[in-house]
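Here are my notes for someone opening this entry for the first time. Please read them with the structure in view.

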Protein chains: 2
Amino acid sequence: MLLIDEKRLLGALDELAGIGAIDGGGCARLALTDEDKAGRDLLVGWMKAAGLDVRIDAIGNVIGVRAGSENLAPVMTGSHIDTVRTGGRYDGNYGVLAGLEVVRALNDAKRTTRRPIAVAFFTNEEGARFQPDMMGSLVYAGGLGLNEAYAATDKDGVAVGDELRRIGYLGAAKPGALKPHAFVELHIEQGPILDEEKVQIGVVESVQGISWTEYTVTGVSNHAGTTPMRLRRDAGYLAASVNVFVRGLAHEMGGNQVGTVGALSLRPNLINVVPNRAVFTVDLRNTDEAKLKEAEARVAAHIAEVAAAERVEVEAKVLARFEPVIFEAGLVDRVERHAGALSLTTQRMPSGAGHDAQMMQRICPTAMIFVPSVAGLSHNVKEHTEAADLLAGAQVLANLMLELASEV
Amino acid sequence: MLLIDEKRLLGALDELAGIGAIDGGGCARLALTDEDKAGRDLLVGWMKAAGLDVRIDAIGNVIGVRAGSENLAPVMTGSHIDTVRTGGRYDGNYGVLAGLEVVRALNDAKRTTRRPIAVAFFTNEEGARFQPDMMGSLVYAGGLGLNEAYAATDKDGVAVGDELRRIGYLGAAKPGALKPHAFVELHIEQGPILDEEKVQIGVVESVQGISWTEYTVTGVSNHAGTTPMRLRRDAGYLAASVNVFVRGLAHEMGGNQVGTVGALSLRPNLINVVPNRAVFTVDLRNTDEAKLKEAEARVAAHIAEVAAAERVEVEAKVLARFEPVIFEAGLVDRVERHAGALSLTTQRMPSGAGHDAQMMQRICPTAMIFVPSVAGLSHNVKEHTEAADLLAGAQVLANLMLELASEV
């Protein structure tokens, strides 16, 4: 067994969190900003000091490789170090630094693995500055062309390609050139389940499919006092009925089906006027593509029915649609086994959020390890995971990587 | 029978609509602005030219009195000439100018009535610049003190008292000094019922009671993908459920019960975040106070139930509460009889909007006459009533006033 140095891991997390630090203990390192560059520089320095061969690819993904005794495909781990505007210090960073800690522990133990070990951080996972999110890993897995990625601009019209060049991370390596034997990502849960149920390790089987739709409803604005109910064409009523329907649908479908109406605006938005316009969003997620499609179809049918009865027009615009990702079953089993061997409690679960690992599953066997997030807080400066949980996750990662690196 | 001069009535409406005219054919004469002063000056000039004794009271109400043959309480009609910011040309103005037309027709016919005839326009009926609405008639009926009314300020902090003085309409008369024998207000419906049902005269029996409440809901903001449905504390869901409940309640209670969720805002209002805050309004109206109370209680009970299940906090703030007003039954019957005598079709109905007449009912027998609003448009530059309907309403008013003015 390779022993993880808790103090060194926490120290690295602290030092990285110092870059782009914001009030409340969080971080602001939006992708490809000066803060992101400073974080990257710190990581690259650490990788080189740990003896890794650092490769930067054309989308700015950084991969540090520790040679194995045989010239085989590497066992790769990693995540991202960019954050949202008011992010926490663990989201992404933890997985990258735990991978670095595995390398440092191997160095301390002077151990050489059969297969190379690789630690990666991918560009713009958050999507908070440039869309799409998970951009670096998506390009790495061949799901997005370089020129398309370069052309993505932030709200000020600044492009990814220009920013990569400006901060010195438009590298020479071809994205995806290094095809891993396996990829394992360690991440905080970003949800409340493990914390709520007092479980130490989440064995991630899948990533939920995501369906985001924006609806624009056009009704007729009328006096709230003088217009009989039967003559109303209330855009806000349709929006409300969808929110209530989505809640009932999620309960009825059960499993991991979730549904949210997060954004809504009414016009004219006055107490005594029936709204003639409502713009609202529906976020549906499921790990089963057929069920996600069923949820989408049922929401659409409900909207059609209410729109006809209320005599309002509805326009739908798909904002995002990702199919669910199922991780490699054998690798998922091994996460569970290694956690069990350390007497850690486990729970199989889907990921409700998107991760780089879901892109890597397209090109190699992939799995994820979750550790608890206190109160499920995420994308929040108050995001927190207890030190014991951080250590446990890193130890599971180390043991699994060692096993993977030893096989032919 | 006293014949109304259609051309003269429409000409007066046109001329008044030219003051504060805005694109689309509407008017902007907010209370106590320069435009309101110009409209008042035009009316006062017309009243004087028609031989009326013009009295301006301390809240700026203007009453023109045509002497009768006996010194009895006058028969009064009237309404208001202030408008909302993008108002129509008939709301209020029609009732005042129809009253003036009755006087002009009496002058043409050289007829003297037993009782005096009075034509009034009340200050700030709309409440679009200063609250409360129906301010002038409320003060006239003794429901609001002068000093309280003077202290009301607009959004720039300008006070009613100062504006009355500035435009020269802080008069010497004591509000309410002239107690009418009866008050009859002619008004456009501001709703779709008469137009929809092709009825010429609305016989207004009552004014709906109004209950306005603003609710502020506090839940917990969470990731829309990673938070299981059972752990959600969704402020937006409660708001949506109230909207749907109010609709069902209005249908179930039937009669003239209406309910509207017109305003709603969510925070953080993002597609993938469960809202932690919702602020929304509920507008409930009924002509029966007991039923209005029942509706209020049932909405409150629904909110309490959903708030407990969703574990969210709800604060309620009453923004307005007026009890229903029932007009004098005998006078209402007479409106119906006079319309019938002219072979006009009638329908008994409540008023969904507030009117000066509801304040006058506190001090004298009062009734209202409605004429159709095309498509029910109100507080809208496109507000329209056909000339034939304007004439019919004015003729009913004239005949009823003549009858009232002839009695002891």
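This is a predicted model: local features need pLDDT of at least 70, side-chain atom pairs count only at pLDDT 80 or more; totals for chains, interfaces and linings use all residues.

The points below go from the pairing of the chains to details within them.

1. How do the copies meet? They meet through the same surface, because 100% of the interface residues of chain A are also interface residues in chain B. Contacts involve 55 residues of chain A and 55 residues of chain B. About 4500 Å² is buried between the two chains, and carbon and sulfur atoms give 59% of that area. A:Met229, A:Arg247 and A:Ile271 supply 18% of the area that chain A buries against chain B, more than any other three residues.

2. Salt bridges cross this interface. There are six between chain A and chain B. In one of these, A:Arg247 meets B:Glu310 at 2.7 Å, N to O. Over all chains, the structure holds 58 salt bridges.

3. Within chain A, compare two pairs. A:Arg285 and A:Asp283 form a salt bridge at 2.9 Å, N to O, and both residues are buried. A:Glu294 and A:Arg298 also form a salt bridge, with their closest N and O atoms 3.3 Å apart. Both of these lie in helix H9 of chain A, four residues apart, about one turn of the helix. A:Glu294 counts as partly exposed at 35% relative accessibility. A:Arg298 counts as partly exposed at 26%.

4. Chain B has a salt bridge between B:Arg129 and B:Glu163, with the closest N and O atoms 2.9 Å apart. The pair links distant parts of the chain, 34 residues apart: B:Arg129 is in the loop between strand E6 and helix H4, and B:Glu163 is in helix H6. Both residues are buried. In chain A, salt bridges with shared partners join A:Asp34, A:Arg129, A:Asp154, A:Glu163 and A:Arg166 into one network.

5. Look at helix H3 of chain A, residues 93-108. Is it enclosed or open? It is largely enclosed by the rest of the structure, since 14 of its 16 residues are buried. A:Lys110 follows the helix with a positive phi near 50 degrees.

6. Finally, a hairpin. Strands E3 (residues 53-56) and E4 (residues 62-66) of chain A pair in the antiparallel sense over four bridges. A:Asp53 has A:Val65 of E4(A) as its bridge partner. Five residues lie between the strands, and A:Gly60 in this hairpin takes a positive phi near 90 degrees.

Terms used:
Residues are numbered from 1 along each chain as its sequence is written. Chains are lettered from A and ligands numbered from 1 in the order in which they are written. Side-chain values use heavy atoms; hydrogens and water are left out. Buried means under 20% relative accessible area, exposed over 50%, partly exposed in between (1.4 Å probe, protein chains only). Helices (H or I, at least four residues) and strands (E, at least two) are DSSP runs, numbered from the N terminus. Contact means heavy atoms within 4.5 Å. Two strands pair if DSSP finds at least two bridges between them. Buried area is the accessible area (1.4 Å probe) that two parts lose on being put together, summed over both. A salt bridge is a side-chain nitrogen of Lys or Arg within 4 Å of a carboxyl oxygen of Asp or Glu.
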